[in-house]
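Colleague: Could you walk me through this one before I get lost in it? I will ask things as they occur to me.

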Amino acid sequence: MVDIKQIRENPQLFKDGARAKKFDVNIDDLLAIDSTLLNVKKKLQDLTTEKNRLGKEIPRLAETEKQKALKILGELKTLEAELNDKIKELQPQFDALMLEVPQPPSPEVPFGEDDTQNVELRRWGAIRQFDFEYKDHIQLGTALNLIDVERGVKLAGTRNYFLKGDGALLHRAVLQFALDFMIQKGYTPMVVPLLMRDEAMRGTGYYPGAEEQTYRMERDELNLVGTAEVPLTAYHSGELLTEEMLPAKFVAMSSCFRREAGAAGKDTYGLYRIHQFDKVEQVIIGENDEAKSIAYHQEILANSEAVMQALNLPYRVVNVCTGDLGRGQVQKFDVETWMPSRKGFGETHSASRFYEFQARRMNLRYKTAGRQNLFCHTLNNTVIASPRVLIPILELYQNADGSVTIPQALRPYMNNREKIEAQ
RNA sequence: GGAGAGGUGGCCGAGCGGCUGAAGGCAACGGUUUGCUAAACCGUCGUACGGGUAAAAACCCGUACCCCGGGUUCGAAUCCCGGCCUCUCCGCCA
């Protein structure tokens, strides 16, 4: 959520921001409701002042005076009810609109329509040239008995899969490696609940908007998270932290669930777009300071790059353009990893910073040394998501004989083996 | 699932329908003392919104807020109803 005062002062900034991000929200309507609401509230306040004043006199008045005062109070009460009705009508409209207003993007963000207009910032690693006919991850996974999509679909429908044998081990290895890496960087490891109340979904900015993308336990009014970002970011929601607690750095490994509604027919092959996967996620809850936020953003991006470099996977970093930004994001860097079967880079990481956007929604604040209460800044990024990252690992580490070399960094997690071979 | 208890400020915890924005304690902040730290003592110390003076810091006035929403009342933290949440005991289960 953004600050209504800032909208009042500079509505154009928010109009432009919404348009660039391709969100449809009527700032003029919002401001009109805001000013009416403000006006009604002021009237109500004046009226209440008068009511309170009169009420306090009552016990001290003589009988006739008292009756007179009571009569006036009665009239004031009818007026008060009218004003209250007006507020009850407008306040929900105001609140709903406020949840819709996007955070304006940083000036660093390139203007663009969609992900094709994201701007590449840098590349790392050499893209492997094959001197034999390479297989894609499904072919490899089937031949080596690592992946079973057919039975996943039989039991759970499309976009489901089993990982099996070394496939299951490789999946665990890459996640554990990433988690250990982050712990060593000083991030606090967390095991988090995956069924979240609507409040947490709203607080992180997923609701309203991502309801269709979310599996929901209707009976219990709980939502299966699409990322550990939700529990980690909302962990301190509603709290007043002290400045010494910041920055709070968390890392969690969790399963993630996504309905992929609206993606029908897209990326239907393989393990790229699936309903359930596991992810190690990093979250920073920081001070209300843009320079610090930007530094943290670089930090979480560097963490993910370090993991990819340790795995020796070629990737590029893109500066995500305005049209591809979420409602709350100020700026987002995606890490895209080379995937031979896609003949291109596929998104494997997404590093976002939000400034106060999420913290405002969840009332996440801290007290400064100067004893001022400020909203925190929040950021998050993928550390590793699997099985998506198994795509480049399997495909890039494959050998002409059909075996797959285990990346050096993962060998300690795979009983120090060097290769995955057909049994 | 059955029975009961409870939700008050950063935290703990009192609270008679008007004198309570809320006792007391802890924490925090400022100061005195002290070679330093600690202790002791004195003082300050909720949030949001609106209005006023102001460049700002700050200050003043008002309103709201003691889980949420309704109600009773001239007046509600306090009484009534509904909801949400937490805890304890029993049962069941991992």
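**Strand pairing and the RNA**

Modeller: Let me begin with one pair of residues: Lys367 stands opposite Asn373, which is in E15. Please keep in mind that this is a predicted model.

Colleague: And how do E14 and E15 run, and how many bridges join them?

Modeller: E14 and E15 run antiparallel, and three bridges join the two. As background, the strands of a sheet pair through backbone hydrogen bonds, and the pairing can be either parallel or antiparallel.

Colleague: What is the order of the strands in that sheet?

Modeller: The order is E8-E14-E15, which makes an open sheet of three strands with mixed pairing. Strand E8 (240-242) and strand E15 (373-375) each have a single partner strand and stand at the edges, so one side of each is left without a neighbour in the sheet. From one strand to the next, the twist averages 40°.

Colleague: Which side chain comes 2.9 Å from a base nitrogen, then?

Modeller: That is Gln45, where an N or O atom of the side chain is 2.9 Å from a base nitrogen of RNA strand B. Thr49 has a polar side-chain atom 2.9 Å from a sugar or linking oxygen of the RNA strand, while for Lys77 a polar side-chain atom lies 3.3 Å from a phosphate oxygen. The elements giving two or more residues to the surface near RNA strand B are helix H1 (4-9), helix H3 (27-57), helix H4 (63-100) and strand E14 (365-367).

Colleague: Which element gives the largest share of that surface?

Modeller: H3 does, with six residues. By residue type, the surface near RNA strand B divides into nine charged, six polar and four nonpolar residues.

Notes. Residues numbered from 1 in each chain as written. Chains lettered and ligands numbered in written order. Predicted model: local features only at pLDDT ≥ 70, side-chain atom pairs only at ≥ 80, totals over all residues. Heavy atoms only, no water. Polar contact = N/O pair within 3.5 Å; in protein donor to acceptor, adjacent residues only side chain to side chain. Helix = DSSP H or I, 4+ residues; strand = E, 2+ residues; numbered from the N terminus. Nonpolar A, V, L, I, M, F, W, Y, C, P; charged D, E, K, R; others polar. Pairing = 2+ DSSP bridges. Axes fitted to C-alpha atoms, helices over the stretch in contact; angles between N-to-C directions.
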